[in-house]
Amino acid sequence: MKHFWLTVLISAFLPVLAAGEFTDKGLISNWSFAPLQVNVGLINSKNLVDESSNTLLSLGLFTLQQKSAVVSVAFIANTLQNNYGLQVNPLFMGTVTDRNYGISIGFENYSKRCYGIQLGVLNHSWAGEEIEKERERLQIFGINIADTVYCGLVNISNKVQIGIFNATPGGAFQIGLLNYNSKSYIPFLPLVNWDMGREERSNENK
């Protein structure tokens, strides 16, 4: 039981981590590609194949760590270096990827490089202290931190925002209950707000 709660605690801090390199060996070892990975462990992983293998289907009874997968499912933490298809955490915390090329679904989704879609309550994509703005695509539900399209309760981006509260330093078209745009002549507006070029026009008049 102690292992279970320790894993829960570690999972709560997954967003501060990158997926990184995985070195745990499996019962079948030294395969660069394996059609199936099964992980039945908690802290001490018990794998069918090496974590460093690329897989088609990866299943984690509790947690999962894998170099890459086309479909991956785990129930506490689903961690991939590369997600090429569907990454799912149906019950507990969420998903972590270095690079997400597909769809990540979980309560919380973190990706160092997000080229695909994140579906969850909290979705974000960071590289160190900077948001990789040019690389993010679509994040849906809850609190979203991205750069292209947001659909959620709270959105922070620079392109299109649809939600209850939207905030941007400028450059976004916003639809929501309350919208803040620093480059609008009226920074706080209900329903709709957009970049009106206030700062650029102020500079031209100087």
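**View 1. The surface and make-up of the whole chain.** In this predicted model, the protein chain exposes about 10400 Å². Of the 206 residues in the chain, 45% are buried. Among contacts with a separation of 6 or more, 11% come from residues 24 or more positions apart.

View 2. Let us zoom in on strand S14, which covers residues 149-156. Strand S12 (residues 138-140) pairs with S14 in the parallel sense, and the pairing runs over 3 bridges. Here, Ile 140 has Cys 151 of S14 as its bridge partner. Strand S13 (residues 143-145) also pairs with S14 in the parallel sense, over 3 bridges. In this pairing, look for Asn 144, whose bridge partner in S14 is Asn 155.

**View 3. Strand S14 beside strand S15.** S14 pairs with strand S15 (residues 160-168) too, in the parallel sense and over 7 bridges. A handy landmark is Gly 152, whose bridge partner in S15 is Gly 163.

**View 4. Ser 184 in its loop.** Our last stop is the loop between strand S16 (173-181) and strand S17 (188-194), where Ser 184 is found. Is Ser 184 buried or exposed? Its relative accessible area is 0%, so Ser 184 counts as buried, the cut-off being under 20%. A polar atom of the Ser 184 side chain lies 3.0 Å from the backbone oxygen of Ile 186.

Key
Residues numbered from 1 in each chain as written. Predicted model: local features only at pLDDT ≥ 70, side-chain atom pairs only at ≥ 80, totals over all residues. Heavy atoms only, no water. Buried < 20%, exposed > 50% of the residue type's maximum accessible area, 1.4 Å probe, protein only. Contact = heavy atoms within 4.5 Å. Areas by Shrake-Rupley, 256 points an atom, 1.4 Å probe, with all protein chains shown as cover. Helix = DSSP H or I, 4+ residues; strand = E, 2+ residues; numbered from the N terminus. Polar contact = N/O pair within 3.5 Å; in protein donor to acceptor, adjacent residues only side chain to side chain. Pairing = 2+ DSSP bridges.
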